[in-house]
Amino acid sequence: MKRTLQIISILLLYLLMAGLLMLMIYRNGKYPAGSDTMFHVYRGDVIYQSIKAGNWFPLLDPTWYNGAEILRYWAPFPAYCLALCQFLAGGDLFAGYLWFCAAVFFLGACVWLRIGIVRKRFALGAFLGILWFFMPNNLFALFGEGNLAR
């Protein structure tokens, strides 16, 4: 019972930190930052609009370079995650980006928490869950390169 309460409290802490992360990115005023960010946000928007129109797997986007395969060069899963985040944000693609960043933090932290539970190192796993997102290479990939799929 004690471990369950600890897990719930850590998950609530992760949710709080994800919300604060969304607020910090929003207040920064420079989002979405990164050289490839708008490409990935656009892909999520194309998928979101296609799903609204009834097409769950759009093969071709006619407005991108006179027609391009929107799901060809990067895995489709992150684009569908962005589309889901855009749906959660009420159709606003920039708010969907904020939700995506929060989801990346929360889900990444949950993975490390799970590893800590399995390895019987609960406190270390909970700490690494928070630390993982803020590693310089991860921050650079998300905010510098804008590689949301990575």
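Guide: His40 lies in helix H2, which spans residues 37-52. In this predicted model, the relative accessible area of His40 is 2%. Because buried means under 20% relative accessible area, His40 counts as buried. Which residues does His40 contact, once its neighbours within four places in sequence are left aside? The partners are Trp74 and Leu82, together with a run formed by Gly146, Asn147, Leu148 and Ala149.

The setting of His40 may now be widened to the whole protein. Contacts between residues 24 or more positions apart make up 68% of those with a separation of 6 or more. Of the 150 residues in the protein, 34% are buried, and His40 is itself buried. The secondary structure consists of 6 helices and 0 strands, so that the order along the sequence reads α-α-α-α-α-α. Taken along the principal axes, the C-alpha atoms fill a box of roughly 55 × 30 × 25 Å.

One nonpolar surface patch, of about 470 Å², is made by Leu13, Leu16, Leu20, Leu23 and Tyr26. Leu20, one of these residues, is placed in helix H1, which covers residues 2-28.

Charged groups complete the picture. The protein carries 12 positive and 6 negative charges, whose mean positions are 22 Å apart. The structure holds 1 salt bridge, formed by Glu69 with Arg72. The closest N and O atoms of Glu69 and Arg72 are 3.7 Å apart, and the pair qualifies because the cut-off for a salt bridge is 4 Å. With a relative accessible area of 43%, Glu69 is partly exposed, whereas Arg72, at 52% relative accessibility, counts as exposed. The two partners thus fall into separate classes, since the boundary for exposed residues lies at over 50%.

Key: Residues numbered from 1 in each chain as written. Predicted model: local features only at pLDDT ≥ 70, side-chain atom pairs only at ≥ 80, totals over all residues. Heavy atoms only, no water. Patch = residues over 30% accessible without salt bridge, like charges linked within 9 Å, V, L, I, M, F, W, Y side chains within 5 Å. Areas by Shrake-Rupley, 256 points an atom, 1.4 Å probe, with all protein chains shown as cover. Salt bridge = Lys/Arg side-chain N within 4 Å of Asp/Glu carboxyl O. Helix = DSSP H or I, 4+ residues; strand = E, 2+ residues; numbered from the N terminus. Buried < 20%, exposed > 50% of the residue type's maximum accessible area, 1.4 Å probe, protein only. Contact = heavy atoms within 4.5 Å. Lys, Arg positive; Asp, Glu negative; His and termini not counted. Charge placed at Lys NZ, Arg CZ, Asp CG, Glu CD.
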